Amino acid sequence: MSLRPLILANTNGDAGWRLEHYLARGGYSALKKVIAGKVSPEDLIAEMKASVLRGRGGAGFPTGLKWSFMPKGEGEKYLCCNSDEGEPGTFKDRDILRYNPHAVIEGMTIAAWATGATRGYNYIHGEIFELYERFEEALQEARNAGLLGARILGSDFSFELFAHHGYGAYVCGEETALLESIEGKKGQPRFKPPFPANCGLYGKPTTINNTETFASVPFIINMGGQAYLDLGKPNNGGTKLFSISGHVNRPGVYELEMGTPFAELLELAGGVRGGRKLKAVIPGGSSAPVLPAEIIMDCTMDYDSLSAAGSMLGSGAVIVMDETVCMVKALERLSYFYHEESCGQCTPCREGSGWLYRIVHRIENGQGREEDLELLESVAGNIMGRTVCALGDAAAMPVRGFLKHFQSEFAWHIEHKGCLVPLDVQRAGSQIYVSPSC
Amino acid sequence: MLSAEAKQKIDREIAKYPAGQKQSAVMSALRIAQEENAGWLPKEAISEVAAYLEMPEVAVYEVATFYNMYELKPVGRHKITVCTNLPCALSGGVHVAEYLQQKLGIGFNETTPDGKFTLKEGECMGACGDAPVLLHNNHKMCSWMTPEKIDRLLAELESK
């Protein structure tokens, strides 16, 4: 098995998140090493590049490279952590904030050293408000111990870090919407360029990384970039937290070496619930194209393998669906979500996401028309690449994925004005399920 | 309408942001105002937040309407938001919502006649591994909900 906890190693659930526990696990040793050794920002960024850590929020952009875009020199610069985790299927950052918030604080402080950032914010999903409060407590612990704030560990290096909460807007997980939101506005994404590294929060140079990305930093500094890369496979370095939900016996967060076969992850999660047959898997959060069982069973869980299979690793959110699932109904729920969460700024997304939902809805409800499949393709195609941010693409990609692999089920619906999977089977398959281990 | 205590809390939020960036505290300020106004934001509360943060009222109203955890109409003493998104639905999210509707005798976006409970359908709360999931008054997450646990929760809230 390739279970390889790093960020979540020895975290001991809700009883082990405080500073004393993190220190006992060797916490803040990477920061001490950087400050005591006066490691140059260039060397630090080179180490990050060597690790091939790729952004864990979903886009997979190399972290070291992103840090190198920050302009040199004095002045206000910002660092933002994106903990606005609201992509259906994703719940790994919640576990990091629950069990190891100091790893995020240490990672951000090291990133501040590397990028010259003077101030940072962790933007935390409003729905996990209890963890926003916990993060504030962790920040205070770090400040009291001289690990954060002015003159960290007695050096002349200072970095201020604060928590900011969202309050129910999926789009704020998009990095420039997140910046708008911190500035106290509606979270509507900005047009790029300029990119945040030049013009970010309050118009100043800003780097934004995901929670898991920041939490990985101390481990990379401690073990060395190459050793971290070697945990995964070439171009897909390190470990990854996978959130696995849906029809498995033990849903939850599993930290694995990048490149672990999907079959192993499924086995770790206890296999498909009730011994039923696997039908399909969304491997990287609801925006990632769905893959049928026969394709996903041959994939390894990393950026390159899933991309070659026509989907993506995204945030590492694995939604497992068994044979009791009606694919039209599944897509209908996802399309509703994107329609609901479109910020309304770009016409193709605002109008198109509504069209996608309404068409899938009428197919599911026995009112589908023969031309609807073509119409869905056309609407999806007219959204993609035509919006300021990726939410439009995120609404279109699931539609295309479902149609690509399950077109016959959609056609069956239209022809027979009902579900291919009998309703009582669907209902039985979606019963309330609580894993015995919970 | 904003109490001295609420203003104190808002001041702590303002202090997190650089000088001249008070507006950044608007999300917290609205949350704090909502907490002390029975879970919703009357127009006066929005105006007071605007005045306190020296923002145009319309800019505060934009924020209050954009983020869906703010309520612009009265809600029951206990707002229950159930996630019915796909990952939750696969593990019973819809059944939990139906059970709550039947127990409370109300649909989504409705409040019980005694003003105690409001039921809402929510989007992803980022806790799909804990499905079925619901939120009580925005801040308390309840995981792995079963009919038995819902019965216990409602009985406990009933007395509050």
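A polar contact is a pair of N or O atoms within 3.5 Å, and inside protein one of the two must be able to donate a hydrogen while the other accepts it. Keep that idea in mind as you look at this predicted model, where 30 residue pairs are in polar contact between chain A and chain B, both partners having pLDDT 80 or more.

Let us stay at this meeting place of the two chains. Helix α14 of chain A, residues 327–341, gives the largest share of chain A's side of the contact, with seven residues. Sorted by class, that side of chain A has 31 nonpolar, 19 polar and 17 charged residues. In total, 67 residues from chain A and 53 residues from chain B take part in the contact. Together the chains bury about 4600 Å², and 57% of this area is on carbon and sulfur atoms. Which residues of chain A lose the most area to chain B? They are Tyr167(A), Arg333(A) and Ile432(A), which together account for 18% of what that side buries.

Now turn to charge. Side chains of opposite charge can pair when their charged atoms come close. Six salt bridges are found across the interface of chain A and chain B. One of them you can pick out in the structure: Arg94(A) meets Asp130(B), with N and O 2.9 Å apart. Over all chains, the whole structure has 36 salt bridges. Among them is a pair within chain A, Arg134(A) and Asp14(A), whose closest N and O atoms are 3.1 Å apart.

Chain B deserves a look of its own. How many helices and strands does chain B have? There are seven helices and five strands. Read from the N terminus, the elements of chain B run α-α-α-α-β-α-α-β-β-β-β-α. Its C-alpha trace spans about 50 × 35 × 25 Å along the principal axes.

Next, consider the open spaces. The second largest pocket holds about 700 Å³ of space. It is lined by 34 residues, and those closest to its centre are Gly168(A), Glu340(A), Glu341(A), Asn68(B) and Glu121(B). Elements giving two or more residues to this lining are α14 of chain A, along with α4 (57–66), β1 (78–83) and β3 (117–122) of chain B.

The largest cavity has a volume of about 80 Å³. Its lining includes Cys343(A), Cys346(A), Cys349(A) and Cys389(A), and by class it has eight nonpolar residues, four polar ones and no charged ones. The second largest cavity has a volume of about 40 Å³. Which residues line the second largest cavity? Among them are Tyr433(A) and Ser435(A) from chain A, and Cys128(B) and Trp144(B) from chain B. Its lining has six nonpolar, five polar and no charged residues.

Terms used: Residues are numbered from 1 along each chain as its sequence is written. Chains are lettered from A and ligands numbered from 1 in the order in which they are written. This is a predicted model: local features need pLDDT of at least 70, side-chain atom pairs count only at pLDDT 80 or more; totals for chains, interfaces and linings use all residues. Side-chain values use heavy atoms; hydrogens and water are left out. Contact means heavy atoms within 4.5 Å. Buried area is the accessible area (1.4 Å probe) that two parts lose on being put together, summed over both. A salt bridge is a side-chain nitrogen of Lys or Arg within 4 Å of a carboxyl oxygen of Asp or Glu. A polar contact is a pair of N or O atoms within 3.5 Å; within protein, one must be able to donate a hydrogen and the other to accept it, and residues adjacent in sequence count only if both atoms are side-chain atoms. Helices (H or I, at least four residues) and strands (E, at least two) are DSSP runs, numbered from the N terminus. Ala, Val, Leu, Ile, Met, Phe, Trp, Tyr, Cys and Pro count as nonpolar, Asp, Glu, Lys and Arg as charged, and the others, Gly among them, as polar. On a 1 Å grid over the protein atoms alone, a cavity is a set of points where a 1.4 Å probe fits but cannot get out, and a pocket is an open set with protein on both sides within 12 Å along at least five of seven lines; lining residues have an atom within 4 Å of a point. Grid points are joined across faces, edges and corners, and a volume is the space filled by probe spheres set on the points.
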